[in-house]
Amino acid sequence: MDRKRYALLAAAGALLLALIIVVVVVFVTGNRTPTVGICIHDMSDPVAEKYAQLLTDELAERGYAVTVVNSKNDQTVQSEQIRSLIDDGVDGLLVSPVMTFAANEIVEQAKAADVPVVFVMRQPPKEALEQWD
């Protein structure tokens with residue numbers, strides 16, 4: 001698949017995911033300005049960078065505060081960033097995991113804080129997703 005087509009598919013997916021997060025976060029926050037944390041595996045990847053920008057633009061247009069972090073392809077950094085975003089009180093997370101096997105840890109952190117999380121760009125193992133059941 002060429003990069004242009006991949007970027008278009010990523011953009012379509014970004015808009016769909018943004019809408020999902022919007023619905024979840026509105027339900028959780030009520031009247032205050034909701035905040036969404038976007039954690040990208042590596043912003044030096046042009047597709048990941050574009051994806052993050054599309055998500056940020058879409059959420060900002062809908063009145064959301066957005067915090068974007070770049071994990072620089074380091075799972076330890078990403079885990080710390082997610083902890084920090086949760087501690088800062090984000091209402092929802094969009095995570096492009098550095099390592100899909102770390103999805104269990106990410107879900108555990110988010111679930112413990114009652115923060116909805118949506119994985120983007122990289123599919124985590126089924127077991128991680130089933131933790132919300």
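## Close-up views of a predicted fold

**View 1. Strand 1 and its partner strand 2.** Strand 1 and strand 2 (residues 65-70) run parallel and are joined by six bridges; two strands pair if DSSP finds at least two bridges between them. Helices (H or I, at least four residues) and strands (E, at least two) are DSSP runs, numbered from the N terminus. This is a predicted model, in which local features need pLDDT of at least 70 and side-chain atom pairs count only at pLDDT 80 or more, while totals for chains, interfaces and linings use all residues. Residues are numbered from 1 along each chain as its sequence is written, and side-chain values use heavy atoms, with hydrogens and water left out. Look for Cys 39, which stands opposite Val 69 in strand 2. Strand 1 (residues 35-40) is largely enclosed by the rest of the structure, because five of its six residues are buried. Buried means under 20% relative accessible area, exposed means over 50%, and partly exposed is in between (1.4 Å probe, protein chains only).

**View 2. The whole protein, for orientation.** Here you can find five helices and four strands, and reading along the sequence gives the pattern α-β-α-β-α-β-α-β-α. Of the 133 residues in the protein, 44% are buried. The accessible surface comes to about 7200 Å², and carbon and sulfur atoms hold 54% of this surface; these areas come from the Shrake-Rupley method with a 1.4 Å probe, and for residues only the protein chains shown count as cover. Among contacts with a separation of 6 or more, 66% are between residues 24 or more positions apart, where contact means heavy atoms within 4.5 Å.

**View 3. Strand 3 and its two neighbours.** Strand 3 pairs with strand 1 in the parallel sense over four bridges, and Gly 92 in strand 3 is the bridge partner of Val 36. Strand 3 also runs parallel to strand 4, with three bridges joining them; there, Leu 94 stands opposite Val 118. Gly 92 and Leu 94 point one way from strand 3, Leu 93 and Val 95 point the other way, and all are buried.

**View 4. Two nonpolar cores.** A nonpolar core is a set of buried Ala, Val, Leu, Ile, Met, Phe, Trp, Tyr and Cys residues joined through side-chain atoms within 4.5 Å. The largest has 15 residues, and those touching the most other members are Ile 82, Leu 93, Val 95, Ile 106, Val 117 and Phe 119. Helix 3, strand 3 (92-95), helix 4 (103-112) and strand 4 (117-119) each give two or more residues to this core, and helix 4 gives the most, with four. A second, separate core has 12 residues, including Ala 48, Leu 59, Val 118 and Val 120. In soluble globular proteins, nonpolar side chains tend to be buried together.

**View 5. Helix 2 from cap to end.** Start at Asp 45, which caps the N-terminal end of helix 2: one of its side-chain oxygens lies 2.9 Å from the backbone nitrogen of Val 47. The end C-alpha atoms of helix 2 (residues 46-61) are 22 Å apart, which agrees with the 22 Å that its 16 residues should span at 1.5 Å a residue; the expected span is 1.5 Å times one less than the number of residues. The buried residues of this helix include Val 47, Ala 48, Tyr 51 and Leu 55. After helix 2 comes Gly 63, with a positive phi near 90 degrees.

View 6. Leu 85 is in helix 3 and is buried, with a relative accessible area of 4%. Beyond residues up to four places away in sequence, Leu 85 touches Gly 37, Thr 67, Val 69, Val 90 and Leu 93. Leu 85 and Val 36 are 49 residues apart in sequence, with 8.9 Å between their C-alpha atoms. Ser 79 is also found in helix 3 (residues 75-87), and counts as buried at 6% relative accessibility. Setting aside neighbours within four places in sequence, Ser 79 is in contact with Glu 105 and Gln 109.

**View 7. The loop between strand 3 and helix 4.** Ser 96 lies in this loop and is buried, with a relative accessible area of 0%. Not counting residues up to four places away in sequence, Ser 96 touches several residues, among them Cys 39, Ile 40, His 41 and Val 120. Val 98 lies in the loop as well and is buried at 7%. The C-alpha atoms of Val 98 and Gln 75 are separated by 5.5 Å, although these residues are 23 apart along the chain.

Conventions: A polar contact is a pair of N or O atoms within 3.5 Å; within protein, one must be able to donate a hydrogen and the other to accept it, and residues adjacent in sequence count only if both atoms are side-chain atoms.
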